Amino acid sequence: MFNSNNYITNEIIDKITNALDNLGIMYRLFSRIKENCSLEKKLGNDLNYGKTKKLQDYIGIRIVLYFHDDIKTVRSIVSSLYKESSKDTSIDEFSKEEFKAVRYNIIYKLEKSLLIGQD
């Protein structure tokens, strides 16, 4: 059985992986598709999401980088592949005094070509 959600996720991963592999950056990529029980909970929760019910995190891709200097490069590459949403971007401050992960949570819009014609 054809699963369009896996197809879309794999297409996104392939596109990002190809771009990053060409640069020689050390990274790990993780992905997930939100499970049905999480979807039902999110879509049924009017307190947190209101009436518009945004589903901007149905597919999640995490790119883990080993070097802080690579963050801007990878963001630039991914942003050249997919359009950044102007809202809902959350970026942690980097501190040289503290060793911790720096999160860049960015919402990207999917290409219509990924969505059209999928059964």
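I began with the terms for the fold: helices (H or I, at least four residues) and strands (E, at least two) are DSSP runs, numbered from the N terminus. With that rule I found five helices and six strands in the protein, and reading along the sequence I wrote down the pattern α-β-α-α-β-α-β-β-β-β-α.

I noted that this is a predicted model, in which local features need pLDDT of at least 70 and side-chain atom pairs count only at pLDDT 80 or more, while totals for chains, interfaces and linings use all residues. Residues are numbered from 1 along each chain as its sequence is written, and side-chain values use heavy atoms, with hydrogens and water left out.

**Entry on burial and contacts.** I called a residue buried under 20% relative accessible area, exposed over 50%, and partly exposed in between (1.4 Å probe, protein chains only). Of the 119 residues of the protein, 21% count as buried. Taking contact to mean heavy atoms within 4.5 Å, I looked at the contacts with a separation of 6 or more, and 67% of these are between residues 24 or more positions apart.

I looked up Thr9, which is found in helix α1 and is buried, with a relative accessible area of 4%. Leaving aside neighbours within four places in sequence, Thr9 is in contact with Ser31, Ile33, Ile59 and Ile61. I then turned to Lys34, in the loop between β1 and α2 (36–43), and Lys34 also counts as buried, at 16% relative accessibility. Beyond its neighbours within four places in sequence, Lys34 is in contact with Leu39, Lys42, Asp57 and Tyr58.

**Entry on salt bridges.** My rule was a side-chain nitrogen of Lys or Arg within 4 Å of a carboxyl oxygen of Asp or Glu, and the count came to two salt bridges. In one of them Lys15 pairs with Glu111, with the closest N and O atoms 2.5 Å apart. Lys15 lies in helix α1 (residues 4–21) and Glu111 in the loop between β6 (108–109) and α5 (112–115), so this pair ties together parts that are 96 residues apart in sequence. Lys15 is partly exposed at 28% relative accessibility, and Glu111 is partly exposed at 27%. I found another salt bridge between the side chains of Arg75 and Glu84, at 2.9 Å from N to O.

**Entry on the core.** For me a nonpolar core is a set of buried Ala, Val, Leu, Ile, Met, Phe, Trp, Tyr and Cys residues joined through side-chain atoms within 4.5 Å. The largest one has 13 residues, and those with the most contacts inside it include Ile8, Ile12 and Val74. Two or more residues each come from α1 and α4 (70–81), and α1 gives the largest share, four residues.

**Entry on the pocket.** On a 1 Å grid over the protein atoms alone, a pocket is an open set of points where a 1.4 Å probe fits, with protein on both sides within 12 Å along at least five of seven lines, and lining residues have an atom within 4 Å of a point. The largest pocket is lined by 43 residues, and among those nearest its centre I noted Ile61, Arg62 and Tyr104. The largest share of this lining, seven residues, comes from β2.
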